[in-house]
Amino acid sequence: MNQTMKHELKEYPVTYLLLMLNLMMFLIMTLVGGTTNTYVLIFFGAKVNMMIAAGEYWRLFTSMFIHIGFTHLLFNLYALLVLGKFSEKIFGHWRFVLIYLVSGLAGALVSYLLGPEVSAGASGAIFGLMGAILSYGWKKPAYWKTGLIGNFAVVLLINLFLGFVLSGIDNYAHLGGLVGGALVGFVFQLRSSIKS
């Protein structure tokens with residue numbers, strides 16, 4: 001392992017751990033029968049409303065670590081790599097974990113309440129990272145001067161728009177994750193304002 005990779009792993013351990021978890025789950029599911037196989041998805045913990053209503057609440061958690069198809073995985077892993085590293089740098093390791101999990105659970109919960117389809121993926125947590133960065137950086141001039149807030153807002157709006165016009169995208173999970181992450185980011189921003 002070269003020095004650059006060692007530095008990356010030391011600097012962003014949570015991001016790389018999450019990447020590995022998602023990738024490992026994908027590989028295991030592929031070997032078992034495929035990540036687009038409904039039975040495999042259900043077995044590994046996809047969001048299935050009927051089963052959650054029957055008491056399998058753990059699906060709200062497990063669904064954020066599995067993906068439906070390679071393209072789904074690829075897009076989410078790339079987004080997690082970029083947003084995860086940035087979030088872990090500004091929030092720290094444990095706050096990043098909190099944002100990710102709260103956002104993922106919020107996304108799965110809103111999807112459960114409003115979306116009847118079987119669904120899975122890290123998208124809710126990823127949208128939550130965007131929401132946390134936006135709400136945390138909203139009153140920080142440096143974030144505006146670099147164009148970060150404006151760029152994030154544009155990317156977010158484009159993704160939400162695509163979620164509404166393209167089929168097979170769980171936009172309820174995106175919206176739930178976004179709100180969950182934004183609320184956590186706002187709390188962190190409020191706490192930092194009080195301390196300063």
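User: Which residues does phenylalanine 164 touch, not counting residues up to four places away in sequence?

Analyst: Contact means heavy atoms within 4.5 Å. By that rule, phenylalanine 164 touches Asn171 and Leu175, leaving out residues up to four places away in sequence. Phenylalanine 164 lies in helix H10; helices (H or I, at least four residues) are DSSP runs, numbered from the N terminus. A word on the source: this is a predicted model, where local features need pLDDT of at least 70 and side-chain atom pairs count only at pLDDT 80 or more, while totals for chains, interfaces and linings use all residues. Residues are numbered from 1 along each chain as its sequence is written, and side-chain values use heavy atoms, with hydrogens and water left out.

User: Is phenylalanine 164 buried or exposed?

Analyst: Buried means under 20% relative accessible area, exposed over 50%, and partly exposed in between (1.4 Å probe, protein chains only). Phenylalanine 164 has a relative accessible area of 59%, so it is exposed.

User: Which residues of H2 are buried, and what covers them?

Analyst: The buried ones are Val14, Thr15, Tyr16, Leu18, Leu19, Asn22, Phe26 and Met29. Their cover includes helices H1 (3–11), H3 (38–44), H6 (70–91) and H7 (93–114).

User: How many salt bridges are there?

Analyst: A salt bridge is a side-chain nitrogen of Lys or Arg within 4 Å of a carboxyl oxygen of Asp or Glu. This structure holds 3. In one of them, glutamate 8 and lysine 85 meet at 2.8 Å, N to O. That pair links distant parts of the chain, with glutamate 8 in helix H1 and lysine 85 in helix H6, 77 residues apart. Glutamate 8 is buried at 16% relative accessible area, and lysine 85 is partly exposed at 22%.

User: What about lysine 89?

Analyst: Lysine 89 forms a salt bridge with glutamate 11, their closest N and O atoms being 3.9 Å apart. Lysine 89 lies in helix H6 and glutamate 11 in helix H1, so the pair ties together parts 78 residues apart in sequence. Another salt bridge joins glutamate 56 and arginine 59, with closest N and O atoms 2.6 Å apart. Here arginine 59 is buried, at 4%, and glutamate 56 is partly exposed, at 26%.

User: What lines the largest pocket?

Analyst: Rolling a probe the size of a water molecule over the atoms shows where empty space is left. On a 1 Å grid over the protein atoms alone, a pocket is an open set of points where a 1.4 Å probe fits, with protein on both sides within 12 Å along at least five of seven lines; lining residues have an atom within 4 Å of a point. The largest pocket is lined by 41 residues, with His72, Asn76, Ser123, Ile169 and His174 nearest its centre. The largest share of the lining, 8 residues, comes from H6.

Technical notes
Helices (H or I, at least four residues) and strands (E, at least two) are DSSP runs, numbered from the N terminus.
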